[in-house]
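This briefing covers packing, aromatic pairs and selected side-chain contacts in one protein model. The topics are grouped below.

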Amino acid sequence: MQAGEELVFQNGTIFDGRRFLPAGTGVRVRGGTITAVGPAGPPRGAAPVDLDGGTLLPGFIDAHVHPVFAGNQLRQCDLQAASTPSGYAALVAAYARDHPEEEWITGGGWSMDAFPGGIPTRELLDAVVADRPVFLPNRDGHGAWVNSMALTLAGIDRTTPDPADGRIERDAAGQPNGMLQEGAASLVSRLLPPVSGGALWWDRDRGLEQLPELLESRRTGQEGRFRATSVKMMLDGVAENHTAAMLEPYQDAEGCPTAHSGLDFIDPRELPCFVTALDEEGFQVHFHALGDRAVRNALDAVAAARQSTSGRRLRHHLAHLQVVHPDDIPRFARLSATANIQPLWATHEPQMDELTIPFLGERRSGWQYPFRSLLDSGSPLCAGSDWPVSSPNPLWGAHVAVNRSLPAIAEGVGGDPFLPGQALGLTEVLAAYTSGSAQVNGLDGSAGSIRDGLDADFAIVNADLAHLPAAEICQAAVVQTWIRGELVHQQ
């Protein structure tokens, strides 16, 4: 095919970003733009693109992803291939042996469920790397596993207090055991070379004095199709290490309330002021809000901004939403706050079953990942992978959103659905990954849908998604990616 020639995509199913179109529909493209959507008919001089019975969709848009974090992990000591303590230790030892020139051993990607209580210790790392510091974030980036040399270089010992936004795990004698939760990891990571790139970030240790810096970053942070117009605000941690901000305390292993209800990384009393100021400057806010207290704090801040900005309706969104109090479900629609869902998390797996449900209790566990309730209440939805925390494959995410269980891609994987009443239909989750993510990113005038005048950004899947059994969604795969009418990837 010649660059810029007219194309017609035909002989397959078309999903336009909201619905599956009637059989026999074709899509014509010229100059990188969609020019017609309707009955396929003869090509009439256009070059045909045979969908071969598969599905043409708008290009998937990942609304929550960490490419810089992922890239650094992949090019350093990547632990994703292992799943046991001994496996991780072997990978660390091999990496250290093969990279004698590196002053620090870093990378990451280990899973909390591989260790008792989700907490690895420094002794295992010391046994394989004693001559250099080791700093290995876990797969979700909310904690880091370090060796004794890293603790020594950072000056962390039994007298070091926990930072306000984190926790130093300790052994029975009070000595740091090598696991640093949340902000405690920065006590070591600040010694590493800085990493640049990614979204604009709200420094939780500062206030409105950082606003001029964000404005300057937005002014200079434009290149090609990229625009730095969102500010990420990290409100809390994760449920597995009890740093997600909860309205009620976590339970202990016996089901009794503890004295801990998680962490607020940004003062909830100041948050409405901060969000209002960002809104008034035209910044979209992207909240990390995992626990029900964090979700409520984010919604309260959006409500304050809505009242203060004379009708401005920026597309603020809340990511993760693991636990949402039922009283807050309808507030998303009332505030036009988008629910940014990570579907692959809504399933039974060890971190859920061993490290989360027992410490939330039955009532709050039933409030997790309420996708159906949010959609039925009128909330806008978008979807993201949180890669490298979980797979970037949107069809696996769609599989879990529909089935509320993991794809049966390996022996022993799958199991009973997790809160199946919160499942989405396939059309609904595909819409979240396409038109919903385009809308929240301000791209709905150019991408996320298949209609006349929009960019010809497509994904072609090797299955008829309109008629695919729910249990087989995970078996479908993207075989071609098109950007502005140009084929950029083919499997």
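In this predicted model, the largest nonpolar core has 76 residues, and those touching the most other members are Met233, Leu235, Leu278, Phe287, Leu318 and Phe332. Helix α8 (residues 292-308) supplies the largest share of this core, eight residues. A second, separate core has 19 residues, among them Ala96, Trp110, Val134 and Met179.

**Contacts of a core residue**

- Phenylalanine 287 is one of the residues that touch the most other members of the largest core.
- Apart from neighbours within four places in sequence, phenylalanine 287 is in contact with Met233, Leu235, Leu271, Val275, Ala298, Val302, His316, His317, Leu318 and Ala319.

**Aromatic pairs**

- The whole structure contains 11 aromatic pairs.
- Tyrosine 88 and phenylalanine 115 count as stacked because their ring planes are at 25 degrees, with the centres 5.9 Å apart; the cut-off for stacking is under 30 degrees.
- This pair links distant parts of the chain, 27 residues apart: tyrosine 88 belongs to helix α2 (residues 85-98), and phenylalanine 115 to the loop between β8 (105-108) and α3 (122-128).
- Tyrosine 88 counts as buried, with a relative accessibility of 1%, and phenylalanine 115 counts as buried at 8%.
- The pair of tryptophan 345 and tyrosine 369 is edge-to-face, with 75 degrees between the planes and 6.5 Å from centre to centre.
- Tryptophan 345 is in the loop between β19 (338-341) and α10 (350-353), while tyrosine 369 is in the loop between α12 (362-365) and α13 (371-376), so their pairing ties together parts 24 residues apart in sequence.
- Both tryptophan 345 and tyrosine 369 are buried.
- One aromatic cluster is formed by Tyr88, Trp110, Phe115 and Trp145; Trp110 is also included in the second core.

**Charges over rings**

- Arginine 204 has its charged end over the ring of phenylalanine 265, at 4.1 Å from the ring centre.
- Arginine 404 has its charged end over the ring of phenylalanine 371, at 5.1 Å from the ring centre.

**A buried glutamate**

- Glutamate 6 is located in the segment before β1 (7-10).
- Glutamate 6 counts as buried because its relative accessibility is 15%, and the cut-off for buried is under 20%.
- A polar contact of 3.2 Å joins the side chains of glutamate 6 and arginine 28.
- Beyond neighbours within four places in sequence, glutamate 6 is in contact with Arg28, Val29, Arg30, Ala46 and Ala47.

Note on methods: Residues are numbered from 1 along each chain as its sequence is written. This is a predicted model: local features need pLDDT of at least 70, side-chain atom pairs count only at pLDDT 80 or more; totals for chains, interfaces and linings use all residues. Side-chain values use heavy atoms; hydrogens and water are left out. Helices (H or I, at least four residues) and strands (E, at least two) are DSSP runs, numbered from the N terminus. Buried means under 20% relative accessible area, exposed over 50%, partly exposed in between (1.4 Å probe, protein chains only). A polar contact is a pair of N or O atoms within 3.5 Å; within protein, one must be able to donate a hydrogen and the other to accept it, and residues adjacent in sequence count only if both atoms are side-chain atoms. Contact means heavy atoms within 4.5 Å. A nonpolar core is a set of buried Ala, Val, Leu, Ile, Met, Phe, Trp, Tyr and Cys residues joined through side-chain atoms within 4.5 Å. Rings of Phe, Tyr and Trp (its six-membered ring) pair if their centres lie within 6.5 Å; planes under 30 degrees apart count as stacked, over 60 as edge-to-face and the rest as tilted. A charge sits over a ring if NZ of Lys or CZ of Arg is within 6 Å of the ring centre and within 35 degrees of the ring normal.
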